[in-house]
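Visitor: I am new to this structure. Please walk me through it.

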Amino acid sequence: MKYLLVLPFALLASPAVAQSTSPADLLAQYSAEAGAEASAERGKELFMANHTGGKPDTPSCTTCHTADPKAAGQARTGKPIEPLAPSANPERFTDLKFVEKWFGRNCNSVLGRDCTAAEKADVLAWLASL
Amino acid sequence: MTDATSTQFAPQGKQVLVWDIWVRLFHWSLVVSISTAAVTGFVLGAPWIKLHIVSGLLAMALVAARIVWGFLGPTHARFRDFLRPPAAILSHLTGGDTGRHLGHNPAGGLMMLGLMAVVGLLAITGLTGLGGVLRTGPLLSLPYGIGEAGLELHEVLAALLLVMILAHVAAAIFESRRSRENLVRSMVTGTKERRPGDHRGRKVISHPRIALTVIALLAGLTVQVWQRDTGVPERAPVAVLDEIFAEECTACHLAYHPSLLSGAEWQVIMANLDDHFIEDARLDDETNARITEWLIAHDASTAQTRPAHLFANERESPTGSIAETQAWSDLHESLAEETFQHAPVYSKSNCSACHADAETGWFSPFQIKIPKETSK
């Protein structure tokens, strides 16, 4: 019982340590939600494309993450962003809450709407394949 | 010892020592320290504050030593040689005072007193500002308002000192022409030509050992007083950052200290995270509430720092953007706009690129280092 009380705080305090999921589990989860097979190719297209629905300063995922997910990106504030590809950064896609927070924020910034489960599955499939 | 006491026995036309070596060293050291303080204060600004303070304190020490020498030095170094009653000064200025003064004339003597007084007041007001506003030095317990007033007075006095120095230089040139001698050279060599009818002053011998002892005692006392009021001042900005605040907010930017904004401004920022400086930075409700509460509990009203006074509540409609405030622009006006666009600064929001202590909320001028532009 005590363990259950502590767990949420542990997750909040340090998402790097909280191994709540894995890229494979997450991919399966999003694919199941979408009801379709994920496509790395579609994911790459979505990631690289320039969009118009979102905020004008962030037309693409690459604005901050760069076109190479294995390399570090940079926020508009100058702050470095760790690589997105799990092969370059094993901490990626291991904390569901963290992943959902950033999909929520960044899809809104770039697309002006939430991403669908299919889109999340596609992008994750591509990133995990690198 | 050949000092001013020998003037009485020197034949007319002979070069006699008027300014002893300590008066001359004092004069030219003061020229250097005041020039340094003026250039660093008026022109170079915040990144040079250490040199400004050091040169200002040196000027204060020089004046203190000169005051001691004014009571214990040789004939023309003494106050009683050149400080005259107002009537004598007026008589000198209106031409009623015949004869040349080997030392300072009555008007010059008044200027000496004035210059020393203004340098002393500059030191006091400077330390007042350093204590009340920047919360360091021997007067760090002073209230912020007193410190601010001290700095304003400091600026007025600095301008006044410049005007007085100009008048002093002009008077030296004017007097040199009038009496056909080079007074500036005399302040280097120490000697003047003795002429008939000179006011030679009442000769006295100097007491260098006693003077040195008094100066050493004053210096020791100053060090004692200086070290008394140190440590963390009252109402320092909160030193330990909330864990969740630090983790969530530093994902994108440095941890802006809660004391930089008012609670009302933090509330506006936290209520509009979906459009947070043109980005979506939404948090879940629970996290948002916790961070908001912590920010408000440690907002500008809880801290006595310069940024807390300058930036909080400055805007009519709070956007929370400190870089949009007039105070921010004024403080950064010496920097080129491009500095903020290139590596390694990138953005006006990246305070810590130049302010090493940005995340503490202090923004001490001692911690500023403007980085060189890098290629990326």
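Visitor: In which crossing, left-handed or right-handed, does H1(B) pass H2(B)?
Guide: Keep in mind that this is a predicted model. Follow H1(B) where H1(B) passes H2(B). The crossing there is left-handed.

Visitor: At what angle do the axes of H1 and H2 of chain B cross?
Guide: H1 covers residues 21–44 of chain B, and H2 covers residues 49–72 of chain B. Their axes come within 8 Å. They cross at roughly 155 degrees.

Visitor: Why is H1(B) described as it is relative to H2(B)?
Guide: The crossing angle is roughly 155 degrees. Angles over 145 degrees get a name of their own. That is why H1(B) counts as roughly antiparallel to H2(B).

Visitor: How many charged residues does the contact of H1(B) with H2(B) have?
Guide: H1(B) brings residues including B:Trp22, B:Phe26 and B:Leu30. H2(B) brings others, among them B:Leu62, B:Arg66 and B:Trp69. By class there are 11 nonpolar residues, eight polar and one charged.

Visitor: How is H2(B) placed against H5(B), by angle?
Guide: H5 spans residues 106–132 of chain B. Its axis and that of H2(B) come within 9 Å and cross at roughly 140 degrees. That makes H2(B), relative to H5(B), oblique.

Visitor: How many residues of the contact of H2(B) with H5(B) are nonpolar?
Guide: B:Ile53, B:Met60 and B:Val63 are among those from H2(B). Three residues are polar, one is charged, and the nonpolar ones number 11.

Visitor: How many residues does chain A give to the contact with chain B?
Guide: Chain B gives 14 residues. By class, its side has six nonpolar, four polar and four charged residues. Chain A gives 14 residues.

Notes:
Residues numbered from 1 in each chain as written. Chains lettered and ligands numbered in written order. Predicted model: local features only at pLDDT ≥ 70, side-chain atom pairs only at ≥ 80, totals over all residues. Contact = placed C-beta atoms within 7 Å. Nonpolar A, V, L, I, M, F, W, Y, C, P; charged D, E, K, R; others polar. Axes fitted to C-alpha atoms, helices over the stretch in contact; angles between N-to-C directions. Helix = DSSP H or I, 4+ residues; strand = E, 2+ residues; numbered from the N terminus. Parallel < 35°, antiparallel > 145°, perpendicular 65-115°, else oblique. Left-handed = near helix turned anticlockwise from the far one by under 90°.
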